[in-house]
There are 2 protein chains.
Amino acid sequence: MAEELNERSQNILEAIVEDYIASAEPVGSRAITKRHSFNLSPASVRNVMSDLEDMGFLCSPHTSAGRIPTEKGFHYYIDSLLKVRHLSKDEERKLLKSYRFQGMKMEDVMQEVGRVMSGLSNYTGLVMAPKFASTVFRQIEFIRLSHGRLLVIYVSETGLVQNKVIECPDDLSQRELEQINNYLNHELTGLNIHDVREKISSELKDERSRFDQLRRQALSLSSKALQEEADDLVYVSGTSLMLEQPEFSTPEKMKRIIQALESKKTLIDLLDRGQAAAGVQIFIGSQSQLTELEGCSLVTSTFSNQKGAIGTLGVIGPMRMSYSQVIPIVDFTAQMVSRILEREIE
Amino acid sequence: MAEELNERSQNILEAIVEDYIASAEPVGSRAITKRHSFNLSPASVRNVMSDLEDMGFLCSPHTSAGRIPTEKGFHYYIDSLLKVRHLSKDEERKLLKSYRFQGMKMEDVMQEVGRVMSGLSNYTGLVMAPKFASTVFRQIEFIRLSHGRLLVIYVSETGLVQNKVIECPDDLSQRELEQINNYLNHELTGLNIHDVREKISSELKDERSRFDQLRRQALSLSSKALQEEADDLVYVSGTSLMLEQPEFSTPEKMKRIIQALESKKTLIDLLDRGQAAAGVQIFIGSQSQLTELEGCSLVTSTFSNQKGAIGTLGVIGPMRMSYSQVIPIVDFTAQMVSRILEREIE
DNA sequence: CGTTAGCACTCTTCTTTGATGAGTGCTAAC
DNA sequence: GTTAGCACTCATCAAAGAAGAGTGCTAACG
């Protein structure tokens, strides 16, 4: 990381990475001198390339091919050479226009965001809705399904709806449930889920609860309803775009990629890591530590409202993805979704 | 369809179809006499095969390959030759055990059903949840999101939860909304959505509504909430299994299939057709009229409760899928899901 | 001393060629 | 009606050669 390159080496590395991003093919010394005007002969470029290879920034698939950037090469490129083009106001306006969130529920917004990101970048879009645990409680409803089976619906401040089924030994009538709903909604609205849990467990210990039948029921039900994490929601858009990439053009690689994108669990783990820090994060190649996603890179960013509902969105593509294009798209989209979440609360 | 084949031709056609299903490769005259004991020489079989080809049941990819069944061949096989093996009680028990629906919400049940069908058949599983319009109303909740924006949650008798966002010019307080909720839930529970719509529109015309502010609001909101169909839910499981099929082993075909399975809309159209008739339905090859799904077959069945919530599930695979295995799986699964839906209402 | 032209060398890719083998269709005999 | 025999077709595979791209090294140049 601390390794220093002189300017010429940097220029050549940059040229190689960019040519490789554009062509997906090993780039040779001759091609570089042609496409970029360094006033250097291919032979000189070759010397530099040889040095860069020794330092681990490049590698050659075989003797008589050009060089391709290694993971380290991409790293260096992204950290030191890449100039991220910000979107012009005009582009932003255009982008905003392509979204139509009017009257859309949260799930649809997430899906749509993924679709548009994918469409703009021509890579696969990923969106992970805010974890329920990170949201602020808005409303809970218990609905009787059948003897001893209750449907719980909870709604977050941002309009995210989740539901689950719980078993309940007492067969409560819908009327009783309504009272419970009222009680809970009155008590809990506006707290984040963490606080809700805490409040419930402390109240359950409270002496008074012993004597108040309704309250006890309410607390025990909601405790049950919230004790297990609901599944994370992940939206994948443009899976097939991955298959258009020349690096995944063989049947085996296609299978591997599709399997990886099929496994929501893998994706959740991956996106979770994007929440570690704010702003755009980039995971290159083996950093993801998933062999299924070998050769892939992931650009993510998080979105949230002030109250902390944190979700992640991003774009996954080949390691040689067009970072200068993708980064501003992901960045802007995340900010936009955050604004939508804010608007939702108002 | 009315075409008649003598017994020998039938036997040979059956043998060819089954060998082809097993091997995915053109089957030759010699191979048949070897694997099945017809007491016929390859030459005789060849004559029959030649006839079958003339009649359009078989075709040869090229002169020196064996024959493969045409779509017509598969049709004949399925309609006249296939003996569907029913599941033994023991197998049914085993199958039932592999499902764990305890405490699962409806969405999860659907997803799980798809997964298990896919796992059992080794093909791609499809499940389409009952259309909301076919369900019976259980509960509706309006929740205020922000100025003029309401979240509507509706729950069907079977525990299916859907939500959407509607715009509402009047800024109603949560308290007013609760009254509206109460009113509507009291009035509408137990009706199917069709009746609900009718009731609302007739009441809206009713003179009395003019004077009852609350009632008018309630009706107008619910009319808005129910006027547009919510999106259909489709669950696809085991996409990558499709890529294991030798007929889709080239990159181009893989792309095509993945694109087709990615498009929920295509799948919905396809599954909708399965609702035309009860019981197991089979769509072979071009019957689906989707070029993206060329070479595929679909085996579907519908599930429902007595009140009419109708959904479709099935398995999609290559035309040469193992129908004798898949049909009982799909059939039994559909029945099982129906039972679960019944239990849900109880 | 950095830079460059020249050249031999390597290795992939593409095309050609020929061998192999599976399978057919026809004919003649059973 | 059935079957053995045989010529013929055509895909598949492997080997071989030609073309081309790119490198690394060396020696000369400014």
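A:Val299 counts as buried because its relative accessibility is 0%; buried means under 20% relative accessible area and exposed over 50%, with partly exposed in between (1.4 Å probe, protein chains only). This is a predicted model, where local features need pLDDT of at least 70, side-chain atom pairs count only at pLDDT 80 or more, and totals for chains, interfaces and linings use all residues. Residues are numbered from 1 along each chain as its sequence is written, chains are lettered from A and ligands numbered from 1 in written order, and side-chain values use heavy atoms, leaving out hydrogens and water.

**A:Val299 and its surroundings**

- A:Val299 sits in strand S9 (residues 296-304) of chain A. Strands (E, at least two residues) and helices (H or I, at least four) are DSSP runs, numbered from the N terminus.
- Leaving aside residues up to four places away in sequence, A:Val299 touches residues including A:Val280, A:Ile282, A:Leu313, A:Tyr323 and A:Val326. Contact means heavy atoms within 4.5 Å.
- A:Val326 lies 27 residues from A:Val299 along the chain, and their C-alpha atoms are separated by 7.5 Å.

**Helix H8 of chain B**

- H8(B) covers residues 193-205. The expected span is 1.5 Å times one less than the number of residues.
- B:Ile193, B:Val196, B:Ile200 and B:Glu203 are buried in H8(B). They lie on the same side of H8(B) because their arc around the axis is only 90°, taken from the directions from the helix axis to the C-beta atoms.
- B:His194 and B:Lys205 are exposed, on the face turned away from that buried side.
- Cover for the buried residues of H8(B) includes strand S4 (137-146), helix H7 (174-188) and helix H9 (213-227) of chain B.
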